[in-house]
Amino acid sequence: MHGSLCDTVVTTVDGQKFDIKDLDDDQWMAMVSDWSLPIFEIAEKHNSTLLSRLTYTIFKQADLFRIFKLSPIKFFNFFHALECGYWDIPYHNRVHAADVLHGCYYLTCHPIRPLIGPNTSIDSLQSSSLTQASPMSQSMSTLELMALYTAAAMHDYDHPGRTNAFLVAAEDKKFIPRSSEITKSNDSAVLIPLMMLSLLQNLK
């Protein structure tokens, strides 16, 4: 970790409080780089704030607050509003989003070896650069890392738990008209435009 960002409690516009010191000292969040991070146990204790707590920890571990001079107040307001936009459904929920985010972070912070396929030549195998393990984060810019983690956190925002085909077949009055605000047509892919529109509204 990179020290405490601020010795204060951040209160979001909807009244949710985030104790920065408590987050920095959280034993579960200290396991964020482990594959065995107990997502479901954390969700039982922090169901309404799981995603923002995890995103905060990952952004801090990656030093993104310092690099991009991110305001903790703006950060928590955005990501808490984001997690509140997830539906309380069995899947495509905020716990799933947190799990995907954790998986992305794990894959970027641990050394991995390049994949060796059937077309790999013997000469190339002798190259130390090919076989040397290194974290994916070393091949990515900090902006790309922030984009990856943010995309993982928001990827199912406002997802109703139904497929495109179901919503179109059911002529869902909530999603198809909203989707057409972006696509200008009621095509068969209504979910992505819907989530894009919802996210843009959240950013305002």
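Trainee: At what angle do the axes of H5 and H9 cross, and within what distance do they come?

Mentor: The two axes cross at roughly 35° and come within 10 Å. An axis is a line fitted to C-alpha atoms, for helices over the stretch in contact, and angles run from 0 to 180 degrees between N-to-C directions. Keep in mind that this is a predicted model, where local features need pLDDT of at least 70, side-chain atom pairs count only at pLDDT 80 or more, and totals for chains, interfaces and linings use all residues. Residues are numbered from 1 along each chain as its sequence is written, and side-chain values use heavy atoms, with hydrogens and water left out.

Trainee: Which residues of H5 and H9 make the contact?

Mentor: Contact means heavy atoms within 4.5 Å. Here, H5 brings Phe78, Phe79 and Leu82, while H9 brings Thr150, Ala153 and Met154. By class, five of these residues are nonpolar, one is polar and none is charged. (Ala, Val, Leu, Ile, Met, Phe, Trp, Tyr, Cys and Pro count as nonpolar, Asp, Glu, Lys and Arg as charged, the others, Gly among them, as polar.)

Trainee: And where do I find these helices?

Mentor: Helices are DSSP runs (H or I, at least four residues), numbered from the N terminus. H5 covers residues 72-84, and H9 covers 142-154.

Trainee: How do H3 and H5 pack?

Mentor: H3 spans residues 50-61, and its axis lies 8 Å from that of H5, at an angle of about 140°. Angles under 35 degrees count as roughly parallel, over 145 as roughly antiparallel, 65 to 115 as roughly perpendicular and the rest as oblique. The pair H3 and H5 is therefore oblique. From H3, the contact takes Leu50, Leu51, Ser52, Thr55, Tyr56 and Phe59; from H5, it takes Phe75, Phe76, Phe79, His80, Leu82 and Glu83. Those residues divide into eight nonpolar, three polar and one charged. Look at Phe79 and Leu82 of H5: they touch H3, and they touch H9 too.

Trainee: What about H3 and H6: parallel or oblique?

Mentor: H6 runs over residues 94-109, and it packs with H3 at about 15°, with the axes 9 Å apart. So H3 and H6 are roughly parallel. On the H3 side you'll find Leu50, Leu51, Leu54, Thr55, Ile58 and Gln61, facing Arg94, Val95, Ala97, Ala98, Leu101, His102 and Tyr105 of H6. That contact has nine nonpolar, three polar and one charged residues.

Technical notes: Helices (H or I, at least four residues) and strands (E, at least two) are DSSP runs, numbered from the N terminus.
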